[in-house]
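Hi everyone, thanks for making time.

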Amino acid sequence: MTEKDASSEKIISDAMADPSPAKSMGDPGITPLSPSHTQQNDTDQVPSGPSFVVVVAIDFGTTSSGYAYAFAKEPECIHTMRRWEGGDPGVSNQKTPTTILLTPDRKFHSFGYAARDFYHDLDPSESKHWLYLEKFKMKLHTTANLSINTDLHAANGKRVKALDIFAYALAFFKEQALKELSDQTGGEFDNSDVRWVITVPAIWKMPAKQFMREAAYKSGLVSRENPEQLIIALEPEAASIYCRKLRLHQMVDLGTQTTQNGFSPSDNVGSGMSQAAKEHVRRNRQSRTFLVENVIGELWSELEEGDRYVVVDCGGGTVDLTVHQIRLPEGHLKELYKASGGPYGSIGIDYEFEKLLCKIFGQDFIDQFKIKRPAAWVDLMIAFESRKRAAAPDRTNPLNINLPFSFIDYYKKFRGHSVEHALRKSNVDFVKWSSQGMLRMNPDAMNSLFKPTIDHIIQHLTELFEKPEVSDIKFLFLVGGFAESPLLQQAVQNMLQGRSRIIIPHDVGLTILKGAVLFGLDPSVIKVRRSPLTYGVGVLNRFVEGKHPPEKLLVKDGTRWCTDVFDTFIAADQSVALGEMVKRSYTPAKPSQQVIVIHVYCSEKENASFISEPGVRKCGTLRLDVSGTESTAARREIQTLMQFGDTEIRAMAVDVSTGRTVKASIDFLSH
């Protein structure tokens with residue numbers, strides 16, 4: 001459907017939504033007046049907000065996190081955070097683990113490697129009182145009715161408020177970044193000079209995005225009075241913005257069978273690099289400053305107007321797929337299909353490993369061990385992590401995983417026999433015991449741990465490529481930490497069969513971070529997005545015999561109304577331009593009314609007729625504070641403007657008779 005069709009269709013559907021002076025069942029106290037849909041020029045609406053000295057982006061990942069920044073006056077220079085203290089053998093640490101430690105009285109203690117190392121060194125009798133959390137970001141994706149009061153569980157089983165944990169983490173990054181900026185500029189750096197960007201998966205629903213914003217307010221990153229100081233960036237979009245800037249030496253092209261820049265595609269990404277390329281990456285790693293071409297990268301110069309590409313962002317928790325089309329000459333981006341994906345990140349492999357351990361040693365033992373020896377459990381997972389990264393399709397020698405001494409010791413106490421005995425007794429034949437106190441996994445066993453997660457990703461990609469909007473894809477960019485996995489790379493290659501070129505940027509784990517900085521410098525680069533859901537409100541319309549179901553009939557003062565009609569603001573997968581507004585007018589039911597509360601409904605389906613249909617759910621509330629705007633007009637009209645083309649939904653409202661702004665807020669967190 002072209003944008004022209006969309007707008008004409010809008011007018012028709014809006015003309016049918018008759019102005020009705022009655023109350024609707026869904027929303028006592030509102031009467032829709034004249035709905036209309038306006039398309040605004042790019043230039044009209046984009047606010048020229050305060051100018052920021054620096055943009056700092058925080059990539060708050062499921063498994064690892066970090067920040068990067070650029071000064072507005074040198075936007076082509078992106079600096080990534082200082083090297084972290086600590087680090088794991090066999091794992092390159094440009095970011096720090098997303099782990100947090102609170103003292104027994106629930107005060108923030110440390111974050112990242114520092115948290116993990118401190119927790120690890122505590123005596124077991126003490127450590128059970130400390131609150132240690134990891135991989136907690138996924139809770140925002142998996143919780144159905146996320147609210148300000150959602151809980152998380154620490155390693156010792158105690159509950160903590162998710163909002164507090166996220167706020168502590170953001171406050172930690174704020175402090176680190178401001179400290180580094182102060183050192184760089186040689187003076188106290190003022191937070192009000194920073195535009196903050198936080199990245200979230202594109203498939204997150206509105207409540208999770210709003211939750212991140214609430215945590216940012218709580219952490220003091222930005223204040224409620226200055227909401228535009230924080231931008232929520234979508235992870236695959238950020239990656240897409242960065243990928244436009246790639247030079248040939250900054251990526252690997254898996255599709256070509258020739259060696260490119262000293263890379264041969266059969267080699268693993270790291271091993272096949274020429275000396276020059278290795279040197280380049282090494283220098284980059286040490287300098288932590290990336291030069292971004294302000295022209296478009298060489299790869300991009302091959303793209304023509306209208307070319308399409310897919311960004312597959314494979315992180316720790318989620319996999320996000322975005323389809324973009326290029327608009328020249330400025331290289332603006334247009335989203336062609338709503339973001340899709342799911343919880344298929346690399347932590348799925350950790351869960352499979354845990355399931356394997358339960359199969360060998362018993363679920364009851366593993367559950368007990370995690371609670372009684374939480375630090376040793378963390379150790380075991382760190383040991384697994386570095387072996388997980390060594391998994392490759394053509395590997396033939398076994399992978400050894402160190403079992404912590406306390407695992408072996410506690411198992412003997414718990415079961416009365418040895419770990420070795422358990423391995424012999426279990427019918428898992430591809431995991432053996434080695435005399436050095438290690439689990440020996442043959443490569444097939446390791447690959448089978450990857451299989452469920454990779455299968456999900458491939459199934460999703462296959463379905464995406466069958467969509468008509470997703471034909472003729474020129475490039476597929478594989479980004480995010482999990483994109484480094486040779487097993488995943490091979491699976492994607494096998495699925496695509498040469499239909500698109502697969503491109504992997506070098507510092508693939510930092511792609512999103514660098515793109516988020518670029519997005520913060522110019523948020524208008526993505527001009528058109530697709531709405532992931534259908535949004536609307538419940539209204540009353542004139543009852544039409546034969547068209548409306550009889551059970552929806554409401555007779556009031558002699559007039560026949562149809563209740564629960566779904567008035568669509570925007571449909572799922574409809575394209576929305578940046579700055580495009582949906583306009584609706586409401587009138588308070590009583591002149592004395594102070595607040596109008598309107599329930600917002602959403603659905604995955606493109607067209608819903610009634611708010612009572614299956615699949616339609618209440619997802620938010622729009623509040624219009626009309627106190628102090630009393631007027632002499634016979635009917636007050638409150639005109640509401642909602643903006644859907646951005647990464648967050650915004651609402652504004654005006655009292656038409658007085659021209660005064662009405663405070664409007666749209667809330668998606670269930671209370």
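Predicted model: local features only at pLDDT ≥ 70, side-chain atom pairs only at ≥ 80, totals over all residues.

Which residues of helix 18 are the buried ones? They are T511, I512, L513, K514, G515, A516, V517, L518, F519 and G520.

Okay, next stop: a pair of helices. Two packed helices are described by the angle between their axes and the distance between the axes. Here, helix 12 covers residues 363–372 and helix 14 covers residues 405–415, and their axes come within 11 Å and cross at roughly 125 degrees. That angle is why we call helix 12 oblique to helix 14. As for handedness, the crossing of these two is right-handed.

So who meets whom? On the helix 12 side we have D364, F365, I366, Q368, F369 and K372, and they meet S406, F407, Y410, Y411, F414 and R415 of helix 14. Sort the residues in that contact by class and you get 7 nonpolar, 2 polar and 3 charged.

Last stop, a proline. Where does P398 sit? You'll find P398 in the loop between helix 13 (374–388) and strand 19 (399–402). Its relative accessible area is 31%, so P398 counts as partly exposed. Now look at R440: P398 and R440 are 42 residues apart in sequence, yet 6.2 Å apart in space, going C-alpha to C-alpha. Leaving out residues up to four places away in sequence, P398 touches R440, M441, N442 and P443.

Key:
Residues numbered from 1 in each chain as written. Heavy atoms only, no water. Axes fitted to C-alpha atoms, helices over the stretch in contact; angles between N-to-C directions. Helix = DSSP H or I, 4+ residues; strand = E, 2+ residues; numbered from the N terminus. Parallel < 35°, antiparallel > 145°, perpendicular 65-115°, else oblique. Left-handed = near helix turned anticlockwise from the far one by under 90°. Contact = heavy atoms within 4.5 Å. Nonpolar A, V, L, I, M, F, W, Y, C, P; charged D, E, K, R; others polar. Buried < 20%, exposed > 50% of the residue type's maximum accessible area, 1.4 Å probe, protein only.
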